[in-house]
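Trainee: I should like to work through this structure with you, one place at a time.

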Amino acid sequence: MPVAPERPEAPVHVLPLASCADDDVAALVGGKASGLGRLISQGLPVPPGFVVTTDAYRAGVAAAGLGPRIDQLLAGAGTPSGDHEVSERIRALFVDTVITSDVAAAVRAAYAGLGHGSAAADGDHEQGIPVAVRSSATAEDTADASFAGQQETYLWIRGADDVVARVLDCWASLFTAQAIGYRARLGVPVEDVAMAVVVQTMVPAEAAGVLMTLEPTTGDRSRVYIESAFGLGEAVVRGDVTADRYWVAKETLTLTAEQINPKEKAWRFDAQADALLFTDVPAELQKTPSLRTEEAVALAGVGRRVEEAFGFPVDIEWAFGPADADGQRELFTLQARPETVWSRRPAPPATAAQPAETAQPAETTPTATAPVVDPYDDWDPLHDPSAPELHWSTSNLGEAMPGMLTPLSWSLWSPVVEHAPREAARAIGGLTRAESRVPADVSQRYIRIFYGRPAMQAEFLALLGDRMPGTTGPDAVASILGRVPEDIAFAPTARRYPSVAWRLPVTFATAPKKARQLARETDEWWRASLARVDQLGHADLLALLQDAARRHDYAVTLQSILILSTMQPLYDTLRKIVERAGVGDIATLGGVGGAEMAVVADIWRASRGELTVEDVVGRHGFHGPFEGELSSRVWREDDSPLRKIIEDYARRDDSADPVAREQARRLQLAEAQREVVAALPVTGRPAARTALRLAAARLPLRGVPKRSFLQAFDVARACARRIGALLAADGRLADPEEVFHLTVDELTGDPAGGHHRAGGPPPGAPRPVPAGDHSG
């Protein structure tokens, strides 16, 4: 059984970053602070700062009695809408009193001790030097998961009061909707996560960005890849700006390619406004490289040095400060973490194909530039065009399709994720039949991929919100972006209301039955298909792969329909009933059980010796780290992550039995329903009883189609691995894993085919909810 690292006996609330490199404090300071501590230990330039430890977080949560309340609320999560509601309610618990007086005093003292520092911005230091306040969760950026970007960062914070307030906000961000869903998908118990917070002096960056010590689209470890833009690096991390791109040979530190893009915007600090502003880059500078050749090479050298020290590929955030009198800019490393996509896969062969940008002699002159490529051409299966006025978000999609996808994964996901929301919207009356068809022109699609990461267009949600009764376009946009951009247009209309009034009740009545039927059929098919994959030849494997694609499409579409037609309306209804009654808890009233609970229950039984690891794999082996990426290895291929979870459960007291908790909640459910009904006026009670009964019966279905689409995806994974092995045996691939760098069309011998670009369900895909052709 693993031995926990030694920790200081007395609670430690604040530590300097220089003290964070040792493994024995990793649980206290989190991944971000540990990375910074290791950078400092290597003598690299890091802005001065400190970390507010997990001891401080736990002390505050315990003193405020938040633990049981958080556990109760998390029981109601499980769908995007449910996760958002649970997130809002949990984050509202983190008020000023959660930070204990001794923690607040320690934070104030550490902030006062930062001094001006070489990285501090010029300005009025009577207000306090400006700092960045960043979350550093203890479960983030491990070998099995990447929580990067799921908690909060606050920039240019001045004054001790504001620093303390932002620490509290970071603690609350442990429970964003995205983080809740992501931890649930990876099976990370809430007891295993805690929030540390890094406070660092700000760098008034002239240029900043990220680097990876491998090529992110191919995994080639012989190159360092850099993205850079003017101003603060958050614009690059969040995708707010178009960045310059550089490729440097790792061994020789030679710039082999660069792509200089127009950079119209930048995040900069405005001294007069004392605020960060998203400002225009002067026209004469927009096409100027953000880095000089020697700076790109220096960055690559830092990346190589950090990779050698850490022992694995890394992802580094960096910034160059203002130029001195000699025109030299000081380099700062702001963050270093493990690269969590390609690091889990075997290193690709040295002959692996390079992306179009780098497809040139390995040792070109440092001034070599990448070929000019029309952004509306379809040469890159992992990057789509977008008009500049559109708004995109990776929220929710990143949970199903984590990290940077391989071409094979996206060619399987692409038609599905575009077809599913359109068909779901049509099933409830929000779109016409014509609008539900997937356009052949990728520039007209609502879900696209940008540099390997899928994103959803906010304008699609605005369209649905404008057409659906009971909501609005701005509400729909805010649900995914967290805000409503000033430049997004809305067109509210009631013309689809008659169609919604007819189609939504029909779909509400039929979708749950279809989900249960799908689960039974897919479970049997998954086991039977995996049992015969190793006996199939190339042609039969392709046929099974296409069958898996059809089933995957059907299950994802049914999941989308179930959320829009059933989950969302029932959550909305429950919320209104509880508000009207003045009593009740949505998490309790939302029912018990579900597909996710079945996995947790079996893992618990395995931790008690009632099931073997093989039993759990036989039932749930399609789960695992990055299960939405075909090239990942799930539990049936590598059960070590599952064994770690079982070992963790084995260390827990019997009182943590999740099955017993569910049984207790089942008993509480009936009493909670009676309490709510009794608090309502007599005239409203019959309708409330019906709604409460439906909610308890149907909300636990939220994970049922998801299980089915993961099983279908897993069969596609097994087929791809077998095809890769056959192609490698025939000498057509250098390595079996290279199969994931092909597309479905390339595997099926149709390189000009429409699977990626034309989209839509594969031929013969069943329609999920045959609600008739009553389109408007």
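Trainee: Where in α15 does the kink lie?

Mentor: The kink in α15 is at Thr510, shortly before the proline Pro512, and is about 30 degrees. The bend at a residue is the angle between axes fitted to the seven residues ending there and the seven starting there. Please note that this is a predicted model, in which local features need pLDDT of at least 70 and side-chain atom pairs count only at pLDDT 80 or more, while totals for chains, interfaces and linings use all residues. Residues are numbered from 1 along each chain as its sequence is written, and side-chain values use heavy atoms, with hydrogens and water left out.

Trainee: What end-to-end reach does α15 have?

Mentor: Helix α15 covers residues 497–532, which is 36 residues, and reaches 49 Å from its first C-alpha to its last. That is close to the 52 Å expected at 1.5 Å a residue; the expected span is 1.5 Å times one less than the number of residues. Helices here are DSSP runs of H or I with at least four residues, strands are runs of E with at least two, and both are numbered from the N terminus.

Trainee: Which residues of α21 are buried, and what do they pack against?

Mentor: The buried residues of α21 include Pro658, Glu662, Arg665, Leu669 and Val676. Buried means under 20% relative accessible area, exposed means over 50%, and partly exposed lies in between, with a 1.4 Å probe and protein chains only. These buried residues pack against α16, α17, α18 and α22.

Trainee: You mention α16. At what angle do the axes of α11 and α16 cross?

Mentor: The axes of α11 (residues 407–427) and α16 (residues 538–581) cross at roughly 35 degrees and come within 8 Å. Axes are lines fitted to C-alpha atoms, for helices over the stretch in contact, and angles run from 0 to 180 degrees between N-to-C directions. The crossing is right-handed: a crossing is right-handed if the near helix is turned clockwise from the far one by less than a right angle, and left-handed if anticlockwise.

Trainee: Which residues make that contact?

Mentor: Among them are Trp413, Val416 and His419 of α11, with His552, Val556 and Ile561 of α16. Contact means heavy atoms within 4.5 Å. The residues of this contact divide into 13 nonpolar, four polar and two charged. Ala, Val, Leu, Ile, Met, Phe, Trp, Tyr, Cys and Pro count as nonpolar, Asp, Glu, Lys and Arg as charged, and the others, Gly among them, as polar.

Trainee: Let us turn to α23. Why is α23 described as largely enclosed?

Mentor: It is described that way because 20 of the 26 residues of α23 are buried. The end C-alpha atoms of α23 are 38 Å apart, in agreement with the 38 Å that its residues should span. Ser708 is in this helix and is buried, at 2% relative accessible area. Apart from neighbours within four places in sequence, Ser708 is in contact with Leu518, Ala519, Thr522 and Ala555.

Trainee: What follows α23?

Mentor: Gly731 follows α23, with a positive phi near 80 degrees. Pro736 is in the loop between α23 and α24 and is partly exposed, at 32%. The C-alpha atoms of Pro736 and Gly724 are separated by 4.2 Å, although the two are twelve residues apart along the chain. Pro736 touches Gly724, Ala725 and Ala728, not counting residues up to four places away in sequence.

Trainee: Is Ser632 buried or exposed?

Mentor: Ser632 is buried, with a relative accessible area of 8%. Its place is in the loop between α19 and α20, and its contacts beyond four places in sequence include Phe626, Glu637 and Arg717.

Trainee: One more topic: what is the phi of Trp156?

Mentor: The phi of Trp156 is near 55 degrees, a positive value in a residue other than glycine. Trp156 is in strand β4 and counts as buried at 9%. Leu253 also has a positive phi, near 50 degrees; Leu253 lies in the loop between β8 and β9 and is partly exposed, at 22%.
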